[in-house]
Amino acid sequence: MKLSFRWYGADDAVKLEYIRQIPNMKSIVTAIYDVPVGLIWSEASISALKNTVEAAGLGFDVIESVPVHEDIKLGKPSREQYIENYKENIRRLGSAGVSVICYNFMPVFDWTRTKLDKELPDGSTTLVYYKDQLDKMDPLNGELALPGWDSSYKKEGLQTLFDEYASITEEDLWANLSHFLSEIIPVAEEFGVKMAIHPDDPPYPIFSLPRIITCEANLDRFLKLYDSEYNGLTFCTGSLGCALTNDIPAMVDKYSSLGRIHFLHLRNVKNLPDGSFEESAHLSECGSLDMAKIIKTLKHNGFDGYIRPDHGRMIWGESGRAGYGLYDRALGAAYINGLWEMA
Ligand code: DNO
């Protein structure tokens with residue numbers, strides 16, 4: 001495995017020099033953040049980012065994410081131009097040495113939580129998703145400031161998107177995803193870039209918007225849409241693991257033996273009886289996932305892709321981007337190293 005760490009660029013409070021000091025840290029996971037979704041990233045900004053990361057002694061191998069424009073998910077005629085732009089980004093990133101691109105196919109909203117700073121008994125804070133709170137949230141009428149949500153949507157724009165999605169079924173979303181893959185995977189193959197879809201988080205429809213990258217049957221279906229090593233997964237243990245029906249170690253076993261996991265997000269979650277969940281410290285006993293079994297399985301299957309510790313809690317008084325501080329993610333990385341060595 002190659003250990004990696006997400007970094008949000010020059011504005012990130014966590015410095016590259018600190019990330020490098022985490023034992024066994026090999027690579028940075030990052031993106032160009034100042035280009036609107038759907039447009040082409042300039043070669044100059046890609047190479048500047050690469051130079052910055054490499055000057056810090058880290059690898060520039062994984063992009064998270066190149067976001068997919070809503071018109072592609074909706075299957076609108078304008079999708080063709082956005083798909084062309086997407087292909088150009090794959091070419092440019094591949095030419096700059098990037099080997100994995102993470103993306104997702106969630107309508108409108110990326111990952112969703114109901115609170116970002118829930119205080120735990122030990123005084124740390126974490127991200128939580130409480131069902132009763134979600135049921136009361138109305139994205140069209142109220143607070144729109146959750147991270148992961150594209151803050152560029154204004155109320156009217158959001159209403160239009162919801163109206164457009166009203167007629168999109170899960171089958172439509174599958175068809176639109178299939179069209180997207182049939183266009184981009186040949187380019188990814190040519191430029192040596194492994195595409196790695198991120199599961200939906202949480203893995204079920206929210207606010208009546210369809211979600212399809214959710215469970216084993218659907219991951220099987222996804223991989224068959226385009227049967228190529230270059231059409232693979234970002235296996236996120238926390239996203240998939242908050243659905244009690246997903247057997248995470250078994251899924252890791254299956255997809256890593258098939259060689260279709262290119263990138264993993266390792267996060268533990270504590271599942272609550274009503275389907276709510278709290279993100280926990282990485283250690284198995286802190287949450288509901290058997291992290292040791294996951295790592296043992298990867299090691300056993302000879303996994304040599306990228307792993308990053310995912311969201312941490314905020315600990316030791318650190319403030320900053322919720323889930324993306326230095327301290328708890330560094331503890332997560334150290335824990336992953338320990339499990340790997342032991343395995
Ligand atoms: C959350 C992240 C996601 C992820 C995207 C991938 O912290 O795992 O926002 O980056 O869904 O496209």
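**Close-up views of a predicted model**

Figure 1. Strand S4, which spans residues 100-104, supplies 3 residues to the shell around the ligand, the largest share. In total, 11 residues surround the ligand. The closest of them are Ser65, Asn104, Asp110, Trp111 and His198. By residue class, the shell consists of 6 polar, 3 nonpolar and 2 charged residues.

**Figure 2. The packing of helix H4 against helix H7.** Helix H4 comprises residues 79-95, and helix H7 comprises residues 170-191. Two packed helices are described by the angle between their axes and by the distance between the axes. For H4 and H7, the angle is about 20° and the axes are 9 Å apart. Because angles under 35 degrees count as roughly parallel, H4 and H7 are roughly parallel to each other. The crossing in which H4 passes H7 is right-handed. On the H4 side, the contact is formed by Ile83, Tyr86, Lys87, Ile90, Arg91, Gly94 and Ser95. These residues meet Phe180, Glu183, Ile184, Val187, Ala188 and Phe191 of H7. The residues of this contact divide into 8 nonpolar, 3 charged and 2 polar.

**Figure 3. The packing of helix H10 against helix H11.** Helix H10 covers residues 248-257, whereas helix H11 covers residues 291-300. From H10, the residues Ile248, Pro249, Val252, Asp253 and Ser256 take part in the contact. Their partners in H11 are Lys293, Ile294, Thr297 and Leu298. In the contact of H10 with H11, 5 residues are nonpolar, 2 are polar and 2 are charged.

**Figure 4. Threonine 52 in helix H2.** Helix H2 extends over residues 43-55 and contains threonine 52. Is this threonine 52 buried, exposed or partly exposed? A residue is buried if 20 or more other C-beta atoms lie within 10 Å of its own, and exposed if 12 or fewer do so. Threonine 52 has 17 C-beta neighbours inside 10 Å and therefore counts as partly exposed.

Key:
Residues are numbered from 1 along each chain as its sequence is written. This is a predicted model: local features need pLDDT of at least 70, side-chain atom pairs count only at pLDDT 80 or more; totals for chains, interfaces and linings use all residues. Axes are lines fitted to C-alpha atoms, for helices over the stretch in contact, and angles run from 0 to 180 degrees between N-to-C directions. Helices (H or I, at least four residues) and strands (E, at least two) are DSSP runs, numbered from the N terminus. Angles under 35 degrees count as roughly parallel, over 145 as roughly antiparallel, 65 to 115 as roughly perpendicular and the rest as oblique. A crossing is left-handed if the near helix is turned anticlockwise from the far one by less than a right angle, and right-handed if clockwise. Two residues are in contact if their C-beta atoms, placed from the backbone, lie within 7 Å. Ala, Val, Leu, Ile, Met, Phe, Trp, Tyr, Cys and Pro count as nonpolar, Asp, Glu, Lys and Arg as charged, and the others, Gly among them, as polar. A residue is near a molecule or strand if its C-beta atom, placed from the backbone, lies within 6 Å of it.
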